[in-house]
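Subject: Predicted model for your review

Dear colleague,

Please find below the structure that I am handing over to you.

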Amino acid sequence: MDKSKNNYKYIIAVSSFILMAVAFSIVNSVNTILTAPVINARNFSIGEFSLLFTITAITVAICSPLVGSLLNKVNIKIIMSLSSILAGGGYMLYGLANNILSFYLIGVIVAIGM
């Protein structure tokens, strides 16, 4: 086997790790920065709003194996495009949400995108 091809797979693995680490840290950090302004503006309790993070974590745990099984059947570009639209669109929808139930439903959309 060619040595350059062997080294190339490690470059891809390290690059993928860095890309995923940066993306997940940004998505997960945004929520905590906005907690105080959202609960003050919408008059939610900290418990109600914190449940949103639990709902998104459970949704990610349920959907990750399902999306993983799709990777062999569907083009990765389609999956990544849909994921980006769901996550980004969900964050935009948070701006339109007025009650806690809508935050929970949008959280599911964002979590599926993640």
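Residues are numbered from 1 along each chain as its sequence is written, and side-chain values use heavy atoms, with hydrogens and water left out.

Helix 2

Helices here are DSSP runs of H or I with at least four residues, numbered from the N terminus. Buried stands for under 20% relative accessible area, exposed for over 50%, and partly exposed for what is in between (1.4 Å probe, protein chains only). Helix 2 spans residues 35-42, and Thr35, Val38 and Ile39 are buried in it. These residues lie on the same side of helix 2, because they cover an arc of only 95 degrees around the axis (the arc is that of the directions from the helix axis to the C-beta atoms). Asn40 and Ala41, on the other side of helix 2, are exposed. Alanine 41 counts as exposed at 56% relative accessibility. In space, alanine 41 is 9.7 Å from asparagine 98, C-alpha to C-alpha, although the two are 57 residues apart in sequence. Just after helix 2, asparagine 43 has a positive phi of about 60 degrees.

The nonpolar core

A nonpolar core is taken as a set of buried Ala, Val, Leu, Ile, Met, Phe, Trp, Tyr and Cys residues joined through side-chain atoms within 4.5 Å. The largest one holds twelve residues: Val38, Ile39, Phe44, Phe49, Leu52, Tyr94, Ala97, Ile100, Phe103, Tyr104, Ile106 and Val110. At least two residues of this core come from each of helix 2, helix 3 and helix 5 (100-113). Helix 5 has the largest share, with five residues. In soluble globular proteins, nonpolar side chains tend to be buried together. Leucine 105 also lies in helix 5, but counts as exposed at 52% relative accessibility. Leucine 105 and threonine 56, which are 49 residues apart in sequence, have their C-alpha atoms 9.5 Å apart.

Grid points are joined across faces, edges and corners, and a volume is the space filled by probe spheres set on the points. For the linings, Ala, Val, Leu, Ile, Met, Phe, Trp, Tyr, Cys and Pro count as nonpolar, Asp, Glu, Lys and Arg as charged, and the others, Gly among them, as polar.

The largest pocket has a volume of about 640 Å³. It is lined by 22 residues, of which Met20, Met80, Ser83, Gly113 and Met114 are the closest to its centre. Helix 4 gives the most to this lining, namely seven residues. By class, the lining of the largest pocket has 16 nonpolar, six polar and no charged residues.

The second largest pocket holds about 240 Å³. Among its 13 lining residues, Leu34, Val38, Tyr94, Gly95 and Phe103 are the closest to the centre. Helix 2 supplies the largest share of this lining, four residues. Ten of the lining residues of the second largest pocket are nonpolar, two polar and one charged.

Serine 83, in helix 4, is buried at 17% relative accessibility. Its side chain reaches the backbone oxygen of isoleucine 79 at 2.8 Å. Serine 69 belongs to helix 3 (residues 46-70) and is partly exposed, with a relative accessible area of 38%. The side chain of serine 69 reaches the backbone oxygen of leucine 66 at 2.7 Å.

With kind regards

Definitions and conventions: This is a predicted model: local features need pLDDT of at least 70, side-chain atom pairs count only at pLDDT 80 or more; totals for chains, interfaces and linings use all residues. A polar contact is a pair of N or O atoms within 3.5 Å; within protein, one must be able to donate a hydrogen and the other to accept it, and residues adjacent in sequence count only if both atoms are side-chain atoms. On a 1 Å grid over the protein atoms alone, a cavity is a set of points where a 1.4 Å probe fits but cannot get out, and a pocket is an open set with protein on both sides within 12 Å along at least five of seven lines; lining residues have an atom within 4 Å of a point.
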